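These are my notebook entries on one structure. I looked up a pocket, a nonpolar core and the aromatic rings.

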Amino acid sequence: MLTRVNASTKMADRAAAVLTEEISSGRWPVGSKLPTEVALVEQLGVSRTVVREAISMLRNAGLVESRQGSGVFVLKPQTAPLDLSVDESFSPGIKAKVLQIVEVRRAVEAEAAGLAAERADEAGLAGIGEALAAIDAAVAAGGDGVDEDLAFHRAIADASGNPVLAETVRYLGEVMRTGIQVTRANEARREDFVEQVRDEHAAIAAAIRARDPRAASEAARTHLVGADRRLQDADDRFWARASDPTA
């Protein structure tokens, strides 16, 4: 029987951790089929959306694969997957881990933006513009904009014309979701932070539209440097809440 996921934790992360443990322990051996989505919903005590997100995390980590019409199956591990997730229960390390994540994003997303400026077609440019508008719409509606922020950077990576880079950005986005949530929660504390982020995103999109690779890379790098600076500005109370969202 699977461990039920506590509703006070980050649902998809915890569900993915439970499923990963079933695989790493050998209870679900290589080649075995995972329980159906309906069964996982019942056993974990979460929604279908949470189960789908958790399966997506496992798939991005190379632990499982979906086979059309057959289900989800455990894969033979090629190498140990990178653990870039943020452990919310480890409060002394959360700040350092989130700042390290920002450094990784700076390297990857600056390159993606530069390539997008060189290679984006009209559909790619339109996708970037739509994703940018969706962030503002989400925030205006009272959301945290995390999904839309991730979608914006995925749209840029897609427009780079490099499918490996695009998949890397997708993978990083999923495993670093908690870190991005912390980053955006910090930025939402102050209106000037919100404006800075909006302006930085707009600068990236504008440089890509202008077909200026150097400016696009620099705009993406500036955005992540700004994220680092804003996180450094956060006080201990913010990091305590980030470490324990239920507090």
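Entry 1. I began with the second largest pocket and found that α9 gives the largest share of its lining, six residues. Helices here are DSSP runs (H or I, at least four residues), numbered from the N terminus. The model is predicted, so local features need pLDDT of at least 70 and side-chain atom pairs 80 or more, while totals for chains, interfaces and linings use all residues. Residues are numbered from 1 along each chain as its sequence is written, and side-chain values use heavy atoms, without hydrogens and water.

Entry 2. I noted 18 lining residues, with Ile135, Val139, Asp144, Arg184 and Val194 nearest the centre of the second largest pocket. A pocket is an open set of points on a 1 Å grid over the protein atoms alone, where a 1.4 Å probe fits, with protein on both sides within 12 Å along at least five of seven lines; lining residues have an atom within 4 Å of a point.

Entry 3. Of its 30 residues, Ala113, Ile128, Phe152, Ile156, Ile204 and Ile208 touch the most other members. The largest share of this core, seven residues, comes from α4.

Entry 4. I searched the whole structure for aromatic pairs (Phe, Tyr or six-membered Trp ring centres within 6.5 Å) and found zero.

Note on methods. Helices (H or I, at least four residues) and strands (E, at least two) are DSSP runs, numbered from the N terminus. Rings of Phe, Tyr and Trp (its six-membered ring) pair if their centres lie within 6.5 Å; planes under 30 degrees apart count as stacked, over 60 as edge-to-face and the rest as tilted. A nonpolar core is a set of buried Ala, Val, Leu, Ile, Met, Phe, Trp, Tyr and Cys residues joined through side-chain atoms within 4.5 Å. Buried means under 20% relative accessible area, exposed over 50%, partly exposed in between (1.4 Å probe, protein chains only).
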